[in-house]
Amino acid sequence: MNLWFRLFLMLLRRPWRRPVSAFETTVVRMRVWPLDLDLNRHVTNGRYFTLADVGRMDYVLRSGAFRVALRHRALPIVGDVWGKFRRELKLFQSFDIHTRMLGWDEKWSFIEHRFVKDGRVLGMVIMRGLFRGPNGNVSPGAFALELNLPEQSPPLPDWLSNWSESCDRLSSQLRDEEQGEPS
């Protein structure tokens with residue numbers, strides 16, 4: 001229920017928020033509520049991923065990616081998510097989620113969410129995702145062109161490329177295990 005309220009609130013504010021280019025950073029302000037907490041009385045690790053969804057929805061709407069997805073009749077698919085937690089967020093503290101596009105490869109787009117309070121990064125979530133339509137995955141390069149971006153991504157940092165390759169290897173290993181092949 002907590003997520004639905006935050007999504008609804010973000011959508012209500014949307015008419016007053018300006019559109020952004022796909023390489024701009026969007027910022028969503030939030031507050032920690034009791035349902036966000038774990039037994040240690042700080043935001044539970046899994047909640048960061050859920051909160052990142054709200055930041056990503058704001059980014060997709062404001063950058064125009066939503067309109068491109070509609071033209072392709074495509075739905076967003078999250079492939080993998082990685083999180084780094086540095087500092088805790090406690091009850092009723094306000095914070096911002098800074099969301100930006102890092103780049104893309106042949107299949108995946110990479111989005112970063114930074115959780116920021118008082119100018120300090122408290123945590124970060126990286127998402128690898130794609131848009132899938134009735135005819136399969138929409139090429140990130142083609143998607144970028146429709147957002148008035150170059151078809152070729154800016155260079156991805158080594159750590160991001162390595163992470164993506166590790167995710168691909170793990171997916172292959174899991175497929176092999178399902179088919180009864182040794183890993």
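A pocket, as I use the word here, is an open set of grid points where a 1.4 Å probe fits, with protein on both sides within 12 Å along at least five of seven lines.

**Entry one: the largest pocket.** I am working with a predicted model. I looked up the space in the largest pocket and got about 590 Å³. Its lining has 33 residues. Nearest the centre lie Arg56, Val60, Pro76, Ile77 and Phe131.

Which helix gives the largest share of the lining? Helix 2 does, with six residues. Several other elements supply at least two residues each, among them helix 1 (2-13), helix 3 (65-71) and helix 4 (140-146). Strand 2, strand 3, strand 4 and strand 5 also supply at least two each. I then sorted the lining by residue type: 26 are nonpolar, four polar and three charged.

I moved on to helix 5, residues 158-178. Helix 5 has 21 residues and reaches 30 Å from first C-alpha to last, close to the 30 Å expected. Its buried residues are Leu160, Trp163, Ser164 and Cys167. Why do they fall on the same side of helix 5? They do so because they cover an arc of only 95° around the axis. Asp158 and Arg169, on the other side, are exposed.

I also checked what covers the buried residues of helix 5. The cover includes strand 2 (75-85), strand 3 (94-104), strand 4 (109-117) and strand 5 (120-133). These four strands are also named among the suppliers of the pocket lining.

Just after helix 5 I found Gly180 with a positive phi of about 80°.

Definitions and conventions:
Residues are numbered from 1 along each chain as its sequence is written. This is a predicted model: local features need pLDDT of at least 70, side-chain atom pairs count only at pLDDT 80 or more; totals for chains, interfaces and linings use all residues. Side-chain values use heavy atoms; hydrogens and water are left out. The expected span of a helix is 1.5 Å times one less than its number of residues. Buried means under 20% relative accessible area, exposed over 50%, partly exposed in between (1.4 Å probe, protein chains only). The arc is that of the directions from the helix axis to the C-beta atoms. Contact means heavy atoms within 4.5 Å. On a 1 Å grid over the protein atoms alone, a cavity is a set of points where a 1.4 Å probe fits but cannot get out, and a pocket is an open set with protein on both sides within 12 Å along at least five of seven lines; lining residues have an atom within 4 Å of a point. Grid points are joined across faces, edges and corners, and a volume is the space filled by probe spheres set on the points. Ala, Val, Leu, Ile, Met, Phe, Trp, Tyr, Cys and Pro count as nonpolar, Asp, Glu, Lys and Arg as charged, and the others, Gly among them, as polar.
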